[in-house]
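Me: I've got a protein model open and I'd like to learn how to read it. Could you walk me through it, one feature at a time?

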Amino acid sequence: MADAAGSGTENKQEKSVRVVVLALMIAMMLAMLDNMIVGTAMPTIVGELGGLKQLSWVVTGYTLATAASTPVWGKVGDMYGRKGAFLTSIVIFLIGSVLSGMAQGMGELIGFRAVQGLGAGGLLVGVMAIIGDLVPPRERGKYQGMMAGVMALAMIGGPLVGGTITDNWGWRWAFYINLPLGVVALVLVTAVLHLPKKRAKAGIDYLGVVLLTVGITATVLVTTWGGTEYAWTSARIMELIGIGVAALVGFVFWQTKAAEPVLPLHIFKSRNFTLMALIAFIAGFVMFGATLFLPLYQQAVQGASATNSGLLLLPMLGAMLVTSMVAGRVTTNSGRYKIFPLAGGILMIVGLYLLSLMDTDTSRLTSGIYMAVLGAGMGCLMQITMLVAQNSVEMKDMGVASSSATLFRTLGSSFGVAVMGALFNHRVQDVMVEKAGALGESITQNSAQLDKESLDKLPAVAREAYQHAVSAGIHSAFVLGAWIAVLVVIAGLFVKEVPLRSGPQKQTPAEGDDMVPAPVIEAV
């Protein structure tokens with residue numbers, strides 16, 4: 001009788017966890033889908049609000065705010081409770097969405113997008129940290145497929161949804177569409193999730209927040225502006241590099257003195273955590289570089305439309321989803337995970353090398369197979385890095401561990417786009433001069449990345465030269481990516497297979513914190 005009652009309670013708990021995870025996935029989709037939808041609406045926004053020269057700041061402002069706020073949200077959740085921090089981030093994101101939809105000028109839109117970004121930083125960290133609280137690492141693989149599925153859905157569906165909304169309802173609904181999804185997430189999390197409240201006696205490390213924010217902002221601006229808005233050797237870029245280095249060095253020094261550091265340096269004493277941070281950085285570097293250049297190749301060389309080029313990424317995203325689910329199941333059933341960083345690194349190297357072989361005669365089937373190999377490699381890494389990072393720290397540091405892994409992936413994506421982009425642009429411009437002389441140089445003088453509409457207007461000779469140039473550019477970019485991916489294999493060799501926690505999650509209070517009970521989920 002007691003066994004039956006226990007089994008019934010366990011089933012209710014598992015059902016409740018699924019309801020909470022559903023709410024968390026909705027919130028995660030809000031943050032990931034937003035940039036994809038808004039990107040499609042950009043031409044219409046510029047047509048109504050003007051401010052073409054400020055256009056890039058609509059994305060940059062959001063990215064900066066997300067990156068800078070990510071570590072802060074993680075620490076606030078550790079100190080004062082994850083549920084409150086998560087709900088606050090949803091509300092801030094929704095406020096930013098409403099204000100962005102009501103913007104009457106490009107300056108207002110940029111500011112309101114930054115508000116959105118502040119909330120988005122808390123959404124991504126909150127999802128990972130709450131799952132880390134509720135689900136033991138040994139069981140967490142069950143939910144990895146859902147996270148990978150949300151990521152794939154956002155990357156594929158975002159442009160399609162954005163185009164449909166903009167064409168039928170207007171660009172403002174690209175922001176208002178967040179409201180119903182956000183309200184559902186708010187209601188579900190409020191009703192079902194009951195995490196213990198915390199009250200840290202030490203205050204927030206404001207100096208650490210400022211130094212880290214300045215350092216991250218300078219770093220993202222260098223990778224965003226370098227080689228595009230300003231030359232890499234320009235005074236502005238050098239100033240930003242100096243400011244960023246000084247701020248980050250000061251931040252590291254201060255974290256050794258702060259009573260409640262934003263990013264406790266002791267978590268990096270764990271070899272596995274440090275290795276996962278490195279792998280997350282490289283995964284972000286490769287993934288976002290690939291998703292930037294593959295659609296460009298498909299449009300310029302293979303003749304795909306902007307919409308179809310998103311759909312043509314399905315082999316990569318589908319393989320990523322399947323391997324992520326397999327990795328999760330294997331990890332849950334066996335408790336072993338060291339094989340996945342190694343396998344992921346090897347598959348990434350092979351996939352990137354194959355993609356570097358593409359030229360003007362490569363078929364869509366062949367490129368799809370190459371993308372699937374790369375996607376399989378990324379699927380082995382995307383969630384395993386977070387799982388091992390969380391398993392490598394105490395429960396009291398779950399938030400900062402989640403935010404750190406997320407931050408390193410974000411910084412990796414910024415560096416990947418910047419470095420691979422600079423290499424791509426340089427190679428394209430060189431080949432255009434070789435193939436089309438002065439005409440080729442004039443075509444790519446302002447930008448080496450032409451959309452399909454601009455490409456169709458070119459003379460046949462220039463168009464053929466550009467197709468060869470793009471093939472040469474992605475060759476250089478993906479060869480670099482393959483060499484960078486070698487670091488994943490090297491890091492994987494040093495991963496120590498520490499047994500994954502399989503019992504109930506127990507909170508270990510930080511010094512000066514009040515004792516808190518374990519997380520509770522209300523049965524539904």
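Me: Let's start with one residue. Not counting residues up to four places away in sequence, which residues does Ser 402 touch?

Reply: Keep in mind that this is a predicted model. Ser 402 touches Val 125, Met 128, Ala 129, Met 386 and Gln 390. Ser 402 itself lies in helix α16, residues 398-443.

Me: Is Ser 402 buried or exposed?

Reply: The cut-off for buried is under 20% relative accessible area. Ser 402 has 0%, so it counts as buried. Its side chain also reaches the backbone oxygen of Met 398, at 2.8 Å.

Me: Before I trust details like that, how do I read the confidence?

Reply: The general idea is simple: where pLDDT is low, the predicted coordinates should not be read in detail. Here the mean pLDDT of the protein is 79, and 83% of its residues reach 70 or more.

Me: Where is confidence lowest, and where is it highest?

Reply: Strand β2, residues 520-521, is lowest with a mean of 42, while helix α13, residues 339-356, is highest at 94. Over residues 507-524 the pLDDT is below 50, though in the model this stretch has 52 contacts beyond near neighbours in sequence.

Me: Now the bigger picture. How many helices and strands are there?

Reply: The protein has 18 helices and 2 strands. Of its 524 residues, 54% count as buried. Take the contacts with a separation of 6 or more: 84% of them come from residues 24 or more positions apart.

Me: How should I think about a nonpolar core?

Reply: In soluble globular proteins, nonpolar side chains tend to be buried together. In this model the largest nonpolar core has 82 residues, and Leu 294, Leu 374 and Phe 478 touch the most other members. Helix α10, residues 271-300, supplies the largest share of this core, with 14 residues. There is also a second, separate core of 53 residues, which includes Val 21, Ala 27, Ala 154 and Val 192.

Me: What is Phe 478 in contact with, leaving aside its neighbours within four places in sequence?

Reply: Phe 478 is in contact with Ala 290, Phe 293, Leu 294, Leu 352, Leu 355, Ser 356 and Met 420.

Me: And what do I look for when two helices pack?

Reply: Two packed helices are described by the angle between their axes and the distance between the axes. The crossing of α12 past α14 is right-handed.

Me: Which residues of α12 and α14 meet?

Reply: On the α12 side, look for Pro 315, Met 316, Ala 319, Met 320, Thr 323 and Ser 324. They meet residues of α14 including Gly 368, Met 371, Leu 374 and Cys 380. Ser 324 counts as buried, because its relative accessibility is 0%. Ser 324 and Tyr 143 are 181 residues apart in sequence, yet their C-alpha atoms are 9.8 Å apart in space.

Conventions. Residues are numbered from 1 along each chain as its sequence is written. This is a predicted model: local features need pLDDT of at least 70, side-chain atom pairs count only at pLDDT 80 or more; totals for chains, interfaces and linings use all residues. Side-chain values use heavy atoms; hydrogens and water are left out. pLDDT is the predictor's confidence in each residue, from 0 to 100. Helices (H or I, at least four residues) and strands (E, at least two) are DSSP runs, numbered from the N terminus. Contact means heavy atoms within 4.5 Å. Buried means under 20% relative accessible area, exposed over 50%, partly exposed in between (1.4 Å probe, protein chains only). A polar contact is a pair of N or O atoms within 3.5 Å; within protein, one must be able to donate a hydrogen and the other to accept it, and residues adjacent in sequence count only if both atoms are side-chain atoms. A nonpolar core is a set of buried Ala, Val, Leu, Ile, Met, Phe, Trp, Tyr and Cys residues joined through side-chain atoms within 4.5 Å. A crossing is left-handed if the near helix is turned anticlockwise from the far one by less than a right angle, and right-handed if clockwise.
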